[in-house]
Each structure stands twice: as C-alpha cells, then as structure tokens.
Amino acid sequence: LLFVVMEERVAELIEDVRGGEEEFDFSGRFIRWPEGDIVAFFSALQEEGIYFNSAHFGGSAFPLSIFSLPYWTDALVKMEALSFDGCQLDGPRLQAIASLLNEVEEPPLRIFELDGCIFERGAAAEMGTALRRCTKLSSLMVANCALSGNVAAALFTPLIGLPSLSAMCVCNNNVAKEGAVALAAVMQSCPLSHIDISDCQLNAASVAPICSAAKEGQARSLILARNRIGEEGTGHVESVLQNGNLRELSVSNTALAASFTVALAAALAKSSCSLTKVWMNGIDFGHSEAEALAAALAGNVTLKRLELNRLNSGTAVHQPIIAALKRNLTCDVFGLAGVGKDGWAEQRQRLRAFEESDFGRIAPDDVINLIWKEMGSHPFLMPRRLKPE
C-alpha cells in the first residue's frame, strides 16, 4: 500500500508539471516526502524530458543524493531562475550545487536564491567560484544564512567583476568588516543598483567601506536598516547622499545622529536630487533639524515617501514639516502627529476622488476651495476647476 501511495504521489506531481510550463513553483511540495519519492520524481522528470526556465523549491528538504542525479546537469543548462528559499541547505548540499554549476559550460542562471541556507567557509568559497562562471547572473539572495565575516568574504570575493550582477540581498547575517570590505569591492566592480544589507550587525567601522562604495557606485537602492551604525558612523551614511543615482535609502533604527536629517535636507534641496523614498524611522532630531527638513520638502519635487515613525522629540517638532507638506502635494510622510495612519498623499487622493464623484461634481466651488485651502494648494497640482490665489 505504501508503494502504491508513493507511485500515485509522484504521478500526480508529474501530471501537474507535464504541461510544458517554462516555470514552476514546487514550494512545500516535498514536505515529509521520503527520499525515495523525491528521487523517483526527478528521475521521472528526466525520463520525460521535462525541464524549466524557472523553478522555486521553497521550504523543501532535499536529501544529498538528489543532487547526484543526472537530471540536474541537464536542467541547469536551461535554468535561468533557481530558488532554494528556506530549504536550509547545508555545506555538502551547497557544494554539490556548486559542482553541478561548474559542469555547465555557460550557465544561463540569472536569478539565484539561497535564503536560509547554512554556509560554512569551504562551501561559501566553492559557491562563489561557481557563481563567477554565471556571467548572466543579475540577482543573488543569501539572506538569513548566518554568514560570518570570513565566510561572507569567501562567498563575495569571487563575485568581483561579474558583469550583470545588479541586485544583492544579504540581510540578516553578521558579515563583519571582513565581509563588508569584500561586498564593497563587489559594489565597486559590478553594476549593483540594489543592495539590501539590513540586520547585518554593521557598526561604524564595517559600514564605512559599504558607504564609500555606494557613494561612488551605481547604487539606486541601499537598505541599511536595523544595523548598529550609531553616531560614529553617521558621517559615512551621510556621504551616500552625494550619489546622484540614489533613489531609495533606508536607515531606520540605525541610531544615527540628528545631523543626518540636516544632510538629508541638503540633498533634497538640490535640483539634481533623485531620491524618491527615504525610511528613517527611529532617528531622532530636534526643532532646528525639522526646520531644515521642512524647508527642503517645501521645494522638493522628487520625494514620494518619507517615514519618520517613532520620533521621540515631541509633536512640536513635527509642525514645520506638516506646514511644508501643505505646499508639497507629491510627498507622503508617515509618522507625524495628527496626520493619521494614511499620510497626506492618501488624504489628498481621497479629496480628488470626492471631487470627481457624483456628489463632488455638484458641490459648490467654495466648499471644494475651502478644503483645498485648508490642506494647502500648489498651483501646478491643483484641480483644473480651481485657480491658485
């Protein structure tokens, strides 16, 4: 009976993937499957010649023997996206995958996710060397992998100079300064535009090479949230604002000094500013810093989202920023006292929706004008029926 159940389970999954789809999500499909079932499934895939451009094996527990099956050598010739997210692959399994990649002449892999895998130095070095051959690799995720300094360096160093690498997520590791230096070298030599290095226990010393690389590199999105940067590292983070390509910056809960708010205000005030989103939750500042930020927001046209949650300075500090938002209808600011959970942009959108509704169309102009006057008006963004004063 057990053998029949195994055969039926494998047959059902084979039937699901037989449609010739280019991609398939196997997440959770192999939970509690015995090794024999998994081997039988991949063997059946090979017999029927079923391969994928993209496969996601999230949460699956793979026995080591799986990676010795001939199927994988043929599959990786075609695979462009491969995810082992949450599979908790250990050193021997990671080394087996690296060996398989080394057997492919020109790996077409573009997206590779190893979130939650368990690296040790030998496996990290072998995986990095194998990925160096993946010249089309554009996105790499190694989050939640418990990467320590020397392990992170062993994985990152071979990636230096990869021509297509544009996004890396290494969050929730402990890369230390050794790993940060290696990652900075990757940032300087690759077209990396998105870097998520949040929750990596970075301090002032280890964040310095990252910020230096981000300042000079092609970073458009830099996530530094929940690191131990502190006041000593504030200057390094402020230097990143000199990058004219930067669109998104997250420094939430990094214990930066209030001077960061002034540096941000200076960046927002420049006509060349390209920032669209900034998260600085938990960073405290006083009235003078708030006034500098307010002055910059009043004339800025690029910023769309600013988060200031968990300010400890008191509601009085918020007032200059709230006043500035009455002249800036493009930026949504969260975390200000009295604004509400939706922020200003949501309120303005609801007002425009009201104006365009059946009731809004018949509402007297003086009613609509009064509402807009209370919220603040911008001559270039006001509804056509209204004239700027």
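Buried means under 20% relative accessible area, exposed means over 50%, and partly exposed lies in between (1.4 Å probe, protein chains only). The model is predicted, so to speak of local features pLDDT must be at least 70, side-chain atom pairs count only at pLDDT 80 or more, and totals for chains, interfaces and linings use all residues. Residues are numbered from 1 along each chain as its sequence is written, and side-chain values use heavy atoms, with hydrogens and water left out.

**Exercise 1.** Work out whether Asn173 is buried or exposed, and where it is found.

*Solution.* Start with the location: Asn173 is in the loop between β6 (167–169) and α7 (176–189). (Helices are DSSP runs of H or I with at least four residues, strands are runs of E with at least two, numbered from the N terminus.) Next, its relative accessibility is 3%, so Asn173 counts as buried.

**Exercise 2.** Find which backbone atoms lie 3.0 Å and 2.9 Å from a polar atom of the Asn173 side chain.

*Solution.* At 3.0 Å you'll find the backbone oxygen of Val142. At 2.9 Å, it's the backbone nitrogen of Leu147. Now widen the view to contacts (heavy atoms within 4.5 Å): leaving aside neighbours within four places in sequence, Asn173 touches residues including Cys145, Asp199 and Gln201.

**Exercise 3.** Describe the sheet and its edges.

*Solution.* First, 12 strands run in order from β1 to β12 in an open sheet with parallel pairing. Then the edges: β1 (23–25) and β12 (332–334) each pair on one side only. (Pairing takes at least two DSSP bridges.) Finally, zoom in: β8 (221–223) and β9 (248–250) pair over three bridges, with Ile223 opposite Ser250.

Technical notes:
A polar contact is a pair of N or O atoms within 3.5 Å; within protein, one must be able to donate a hydrogen and the other to accept it, and residues adjacent in sequence count only if both atoms are side-chain atoms.
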